[in-house]
Amino acid sequence: MKRIVICLTIIAIILAVGIYALASIDGSNDRLYGHIEAVLAEYESGGDPRPEIEALRTFFEKKYVRALGCFVNDDRLGELSVSISRLVPMLESDCDEFTAECEAIREEARQIYIRELPEIFRIF
Amino acid sequence: MLTVFIRGIILYALVIFSVRLMGKRQIGDLSPAELVVTILISNIATLSIEDVSVPLFTGVIPILTLVCLDVLASYVCLGSRKIRHMISGKPRIVISNGVIDQSELRALRYTVDDLMSSLRTQGIFDISEVQYAVVETTGAVSAYLKADCLPLTPKTLASPEAASDPPQVIISDGDFIKAAEDRLGLSESEVIKELKRKHLEVGDVFLCTADSSGKLNITEKRKGKRK
């Protein structure tokens, strides 16, 4: 009977961790979207978005990676990191794709959340 | 490198915990379900140790899930014979009264060579010495020798046994086993009558075996919880 209680407790913990992971990714994504919005707003108003990009990168490295590192594959976080690091060079070379790159970061973050959702087609 | 080392330590502790949680049954011969779980755990643990790009949680969670399912399945098996047979299979009699059941061997996809090899590991080289043999759920063969081939004991010296199959289980944990009843030629009503004489119902019986002469050996269910 003791083993059954341990097993049921473990299953409950696994479910709790799964729900916590989803909530954690969702919350971190919301903050990341906020930083991206700030970068885009500054860029579109003709100002210098470099401080916002720096804030985005600091948030990503110090908080986002630490919060999601336990649940998300390193490769996906690596792709996001590469996209963020491309923003400053793109801005400096006055590249037309700056906005598209910001949208790509947002989409990659969204995909991280979506891939964690236990949907039928993803399970099978 | 250090990451792999630390992950190795964590997964070592987890695998030890998992095997302990699965219980002592794991240490002996493995049933098909246990074998599958053991192989899967070792495989997942290896991947999680080697691949540092994969979060440790993605290795820990499937290991714990498999172990929990194994323990829960064994708990469900305790209460239901049907589920027990579905998950672990059931022992199959391949030799009865000294006669090989060829159709059973074919159904098990067991060759005569396999049978002979299993018997030889038990020191039986002549199949004609075997009275009764069962292929267990683990795939091992258990053999019972004919009376004239059994080792001499004070009991057999005093009254030599006639050749007969060993006693068979006819009630297991309150459930009647129809197959054993058919083999022994003992009807359910006869057994119930015998139980009634002892003021017992079928549900009160933990284990009841019967030999070929129809003699019952009854173990009652123990009431109350184990301390």
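Modeller: Strand S8 of chain B, residues 216-220, is hardly covered. It has five residues, and the count of buried ones among them is zero. Keep in mind that this is a predicted model.

S8(B) has a partner. S7(B) and S8(B) run antiparallel, joined by five bridges. One facing pair is B:Ala210 with B:Leu216, the latter in S8(B). The two strands make a hairpin, with five residues between them. In that turn sits B:Gly214, whose phi is positive, about 90°. As background, strands of a sheet pair through backbone hydrogen bonds, either parallel or antiparallel.

Now step back along the chain from the hairpin. Strand S7 of chain B covers residues 205-210, and the loop between helix H9 (188-197) and S7 holds B:His199. The phi of B:His199 is near 60°, a positive value in a residue other than glycine. B:His199 counts as exposed because it has 7 C-beta neighbours inside 10 Å; the limit for exposed is 12 or fewer.

Four strands form it, in the order S2-S1-S3-S4, with antiparallel pairing. Its edge strands are S2 (99-100) and S4 (141-145), each pairing on one side only. Strand S1 (residues 92-96) of chain B pairs with S2(B) over two bridges, in the antiparallel sense. B:Ile95 stands opposite B:Ile100 of S2(B).

Helix H1 takes up residues 2-22, which makes 21 residues. From first C-alpha to last, H1(B) reaches 30 Å, close to the 30 Å expected at 1.5 Å a residue. Which residues of H1(B) are buried? They are B:Leu11, B:Ser18 and B:Met22. Seen down the helix axis, the buried residues of H1(B) fall within an arc of 30°, so they line one face. That buried set packs against helix H2 (32-50) and helix H3 (57-79) of chain B. On the other side of H1(B) are exposed residues, among them B:Leu2, B:Phe5, B:Tyr12 and B:Arg20. After H1(B) comes B:Gly23, with a positive phi near 95°.

Chain A is built from helices. It has six of them and zero strands. From the N terminus on, its elements run α-α-α-α-α-α. Of its 124 residues, 18% are buried. Among contacts in chain A with a separation of 6 or more, 64% join residues 24 or more positions apart.

Then there is the packing inside. The largest nonpolar core has 17 residues. Those with the most contacts inside it are A:Ile36, A:Leu56, A:Phe60, A:Ile84 and A:Ile105. Four helices of chain A each supply at least two residues of this core: H1 (2-44), H2 (50-68), H3 (74-85) and H5 (98-116). H2(A) gives the most, with five residues. Take A:Phe60 as an example. Leaving aside neighbours within four places in sequence, A:Phe60 is in contact with A:Leu32, A:Val65, A:Leu80, A:Ser81 and A:Ile84. A second, separate core has twelve residues, including B:Met22, B:Ile41, B:Ile44 and B:Val71. B:Met22 is also one of the buried residues of H1(B).

Last, where the chains meet. Here 14 residues of chain A are in contact with 13 residues of chain B. On the side of chain A that touches chain B, H1 and H3 of chain A are the elements that give two or more residues. H1(A) has the largest share of that side, seven residues. By type, the residues of this side of chain A divide into nine nonpolar, two polar and three charged.

How values were computed: Residues are numbered from 1 along each chain as its sequence is written. Chains are lettered from A and ligands numbered from 1 in the order in which they are written. This is a predicted model: local features need pLDDT of at least 70, side-chain atom pairs count only at pLDDT 80 or more; totals for chains, interfaces and linings use all residues. A nonpolar core is a set of buried Ala, Val, Leu, Ile, Met, Phe, Trp, Tyr and Cys residues joined through C-beta atoms within 7 Å. A residue is buried if 20 or more other C-beta atoms lie within 10 Å of its own, exposed if 12 or fewer, and partly exposed in between; C-beta atoms are placed from the backbone. Two residues are in contact if their C-beta atoms, placed from the backbone, lie within 7 Å. Ala, Val, Leu, Ile, Met, Phe, Trp, Tyr, Cys and Pro count as nonpolar, Asp, Glu, Lys and Arg as charged, and the others, Gly among them, as polar. The expected span of a helix is 1.5 Å times one less than its number of residues. The arc is that of the directions from the helix axis to the C-beta atoms. Two strands pair if DSSP finds at least two bridges between them.
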